[in-house]
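Biologist: Could you walk me through this structure? I would like to know what stands behind each label you use.

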Amino acid sequence: MYRRDFMKDLALGGVLLRYGPSLLAQTKPNPDMAMVTGESPAAITKEALLALGGMKRFVSKGDKVMIKPNIGWDRTPELAATTNPEVIRTLVELSFEAGAKEVTVMDNTTNQAQRCYARSGIAEAAKAAGAKVPFVNEYRLKKMALKGEWLKEWEVFTDFVETDKLINVPIAKHHSLCRLTIGMKNWLGAIGGPRNQLHQRLDEGMVDLAAFFKPQLTVLDAYRILTRNGPQGGRTSDVRLQKTVVASIDPVAADTVAAGFFEIRPEELAYLGFAQKRGLGQTNLEKLTIEKRAV
Amino acid sequence: MKKERSKKYRALQSLRIIIQVFFFSLFLYLLFKTHFTGQDYIGPVETFFHFDPLLAIATAIASRVLFASFILAAITLVITLVAGRYVCGWICPLGSVHQFFSFVFKKSKLLKPRKEEKSAGRLAWKYYILAVVLVGSLFTVDLVGIADPLSFLYRSFVTGVIPWFARAGAAFISLLYGLKLSSAGDAAAQFFGTLSLNQTFQQGFFLSLLFLGAVLLNISKERFWCRYLCPAGALLGLFSRWNVAKVRVDMDKCIKCNLCTLHCQTQANPYPNEQWRSSECVYCYTCASICPTKAVYFPVKRTPEKIASINLSRRRLIFTSALAIVAAPFFKITPAGKRAAAKLIRPPGALPEPKFLQKCVKCSECMKACPTNALQPALDEAGPEGIWTPVLKPRIGYCEYYCSLCTQVCPTGAIKELTVEEKTKVKIGSAWINKDRCIPYALGRPCIVCEEHCPTSPKAIKFVMVETKLPDGTSASQKAPVIDLDLCIGCGICENKCPVMDDPAIYCTSVGEDRSEKNRLLLETIQPAVLTEEPKDPYR
């Protein structure tokens with residue numbers, strides 16, 4: 001290095017140090033979470049992503065994007081057992097606008113996959129926006145080291161691993177065993193194997209899965225929430241209109257907010273405690289910057 | 001004598017082959033379409049059956065009710081009455097299968113046609129089989145499903161050929177992945193996924209062997225099944241004596257080479273012409289197109305004439321009918337009717353058991369349509385009469401809540417057609433908990449997977465807190481399932497998803513099924529199949 005260059009760099013650095021922070025401060029930093037309410041599931045999803053700094057914050061040009069909704073049951077969107085198709089459609093569109101090369105939407109369903117994909121409206125909506133909507137394929141299952149506290153290894157659909165960006169799009173629902181099934185529980189749809197055995201330590205199991213998958217973005221569909229008879233519901237009287245979409249970079253905070261819709265405090269949900277202890281995110285919402293909007 | 005084959009009849013033969021391929025493809029198309037394709041209602045995929053007069057007549061006799069859709073069978077009868085057994089030779093998909101394999105076996109010299117005066121007596125077999133089937137029907141023993149060509153073909157395909165295809169496909173897919181052709185593997189896997197083929201059937205191996213056997217019989221004689229066994233062919237044969245299309249041999253041209261009779265697919269014996277059997281001819285035109293001198297032709301004669309027919313021995317006919325009369329009670333020597341069978345869970349909409357047995361023709365259409373592979377061909381669950389009738393096996397699959405496909409595809413109404421709305425309210429059985437094996441009850445660990453999967457709202461499986469003594473002397477308190485029989489529909493998803501793999505801790509039996517007036521349990525739960533109002537406060 002020459003002395004002249006060194007002096008130049010020093011001068012440049014000094015200027016940057018002097019004025020840089022104030023330059024940055026002029027553009028507000030992106031929030032950790034955006035919470036938008038409104039009448040249209042599509043519009044509030046769009047607004048939530050906008051408030052979070054736009055889809056470009058998460059999806060780069062040429063990315064392969066995997067969107068993981070909850071398509072677990074053979075139920076229509078009105079019954080709030082599956083993620084709202086309009087939310088999914090909007091996320092697919094936004095991903096493509098941000099430059100995604102390929103967007104895939106899939107879930108390992110509980111009822112017959114063909115039925116769940118059709119009745120939930122998700123397959124049609126996602127395909128209309130240009131996404132691939134394949135059924136899970138057991139040949140793409142691979143036993144992987146989860147390195148969890150309870151789950152050391154499990155069979156995982158590699159589609160959810162071999163992707164550039166992962167977006168978790170759960171719906172908030174009542175569940176008898178873990179009280180609420182939201183974002184972290186949604187990862188049971190990305191794995192194979194005897195999933196029903198995970199219920200013996202469901203709270204720990206889902207946290208191990210959440211720690212393994214680590215989505216870039218969690219978009220909580222709380223347009224309709226299932227308040228009882230979960231996780232399938234079955235009658236519209238089991239459903240409450242919350243008309244909210246929450247987009248968050250913190251998966252634990254997203255689940256915490258969802259619990260609030262059911263008037264459940266974070267310390268009542270064992271898995272939220274485990275997740276915070278593992279450093280997966282925050283249950284103390286005051287430590288996050290949250291942008292609230294209405295459309 | 002100038003040797004030249006008839007262009008006209010060779011063209012007609014080609015036309016016949018095209019039409020056979022068309023109808024066999026139509027059969028395959030409708031069969032592969034018999035599953036959930038994204039719509040709740042799938043349309044008349046079972047239409048082939050309604051053109052079968054044997055099924056129409058036998059089920060009408062057995063159940064004493066004529067099912068309206070079978071009016072289409074009259075078309076088949078009229079065609080046969082006027083023109084002859086064209087349906088056997090040109091349309092029947094099982095006939096095409098047999099003819100195709102006869103052709104293959106002939107070309108590979110496995111099947112060598114011989115002069116067969118000796119075996120002409122066997123042609124009568126099928127008429128005796130027909131007699132047994134019809135007399136059996138009279139005594140409400142439904143044998144037609146075992147022997148009817150369409151039932152046989154569909155059953156063989158659903159429980160044998162298609163599962164074979166699906167499993168061969170799976171092997172092919174894993175080969176593709178093994179060769180690192182994963183994008184081709186993905187495409188193939190998605191293709192098979194959209195077909196949703198059921199590939200697990202009890203007796204599947206045995207039923208496949210029966211079909212294989214029927215195909216291999218063609219090595220012995222061309223179209224063995226059609227010649228000697230088919231009761232539907234026999235029925236059409238009875239209607240095919242006075243028709244207008246006749247085989248004639250022009251004796252001026254005939255060189256007595258006997259090729260026509262040698263290659264006749266069904267031993268109808270065009271030469272010598274006075275021994276031609278109108279009831280056996282399926283109008284395949286092989287004789288007319290194979291004749292080296294254009295001597296064989298099919299003139300249209302308006303006036304019926306005396307035609308040689310099968311020599312049915314009156315004594316044998318009486319004997320076989322008597323056999324059916326004698327045999328019928330044997331089918332009833334079974335405890336099946338005495339008490340409802342616990343494991344005999346019928347599809348939703350199934351008629352009460354005696355009526356169901358009279359109408360079910362064991363065609364397996366419902367098993368093809370079932371989205372979860374739950375419907376299985378019975379072995380002894382329903383007694384000897386009920387062999388191969390559908391029974392729901394929760395350990396293999398469960399009754400999908402919003403699905404009524406099996407009720408839509410039943411060709412005879414043995415399963416009453418239901419809308420999805422109606423179906424969700426039909427109770428086909430009841431769930432029970434085996435507390436000795438249930439994880440929360442026996443081991444004091446959390447589970448209640450059954451409750452999670454219960455599809456009704458409110459759920460028929462609720463939970464209570466249960467104290468369990470553990471081996472180390474401490475005790476654990478867990479949520480454990482309890483069943484509300486008023487709400488349980490017996491769909492079996494709880495048994496299907498129970499994590500106690502070998503012998504599920506929750507299981508379904510037929511008790512409480514709506515279709516039975518006897519197989520009931522709690523008298524205060526008696527209510528019509530369709531609930532008129534919602535329970536007041538299901539959540540207490």
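Biologist: Why is Arg64(B) called exposed?

Modeller: Exposed means over 50% relative accessible area, buried means under 20%, and partly exposed lies in between (1.4 Å probe, protein chains only). Arg64(B) has a relative accessible area of 52%, so it counts as exposed. The residue sits in the loop between helix 3 (53–63) and helix 4 (73–83) of chain B, and its phi is near 60°, a positive value in a residue other than glycine. Helices here are DSSP runs of H or I with at least four residues, strands are runs of E with at least two, and both are numbered from the N terminus.

Biologist: Before we go on, what kind of model is this?

Modeller: It is a predicted model, in which local features need pLDDT of at least 70 and side-chain atom pairs count only at pLDDT 80 or more, while totals for chains, interfaces and linings use all residues. Residues are numbered from 1 along each chain as its sequence is written, chains are lettered from A and ligands numbered from 1 in the order in which they are written, and side-chain values use heavy atoms, with hydrogens and water left out.

Biologist: Is Asn373(B) buried or exposed, and how do you know?

Modeller: Its relative accessible area is 8%, and therefore Asn373(B) is buried. Asn373(B) also has a positive phi, near 70°, in a residue other than glycine. Its place is the loop between helix 18 (365–369) and strand 3 (375–377) of chain B.

Biologist: What makes Glu422(B) partly exposed?

Modeller: Glu422(B) has a relative accessible area of 35%, so it belongs to the partly exposed class. You will find Glu422(B) in helix 20 (residues 420–423) of chain B.

Biologist: Which residues of helix 4 of chain B are buried, and how do you know on which side they lie?

Modeller: The buried ones are Ala73(B), Thr76(B), Leu77(B), Thr80(B) and Ala83(B). They cover an arc of only 165° around the axis, so they are on the same side of helix 4 of chain B. That arc is taken from the directions from the helix axis to the C-beta atoms. These buried residues pack against helix 2 (47–50), helix 3, helix 5 (86–91) and helix 13 (231–238) of chain B. Just after helix 4 of chain B, Gly84(B) takes a positive phi of about 115°.

Biologist: Where in chain B are there cis peptide bonds?

Modeller: One joins Tyr271(B) and Pro272(B), with omega about -5°. Another joins Ser457(B) and Pro458(B), with omega about 0°. Pro272(B) is in the loop between helix 14 (259–263) and helix 15 (286–290) of chain B, and Pro458(B) is in the loop between helix 22 (449–453) and strand 6 (461–469) of chain B.

Biologist: What is the confidence in chain B?

Modeller: pLDDT is the predictor's confidence in each residue, from 0 to 100. Chain B has a mean pLDDT of 90, and 94% of its residues reach 70 or more. Over residues 535–540 of chain B, however, the pLDDT is below 50. Where pLDDT is low, the predicted coordinates should not be read in detail.

Biologist: How does chain A agree with a compact globule?

Modeller: The rule for a globule is 2.2 Å times the number of residues to the power 0.38, and the radius of gyration is taken over C-alpha atoms. With 295 residues, a compact globule would have a radius near 19 Å; chain A has 20 Å, so the two agree.

Technical notes:
Contact = heavy atoms within 4.5 Å.
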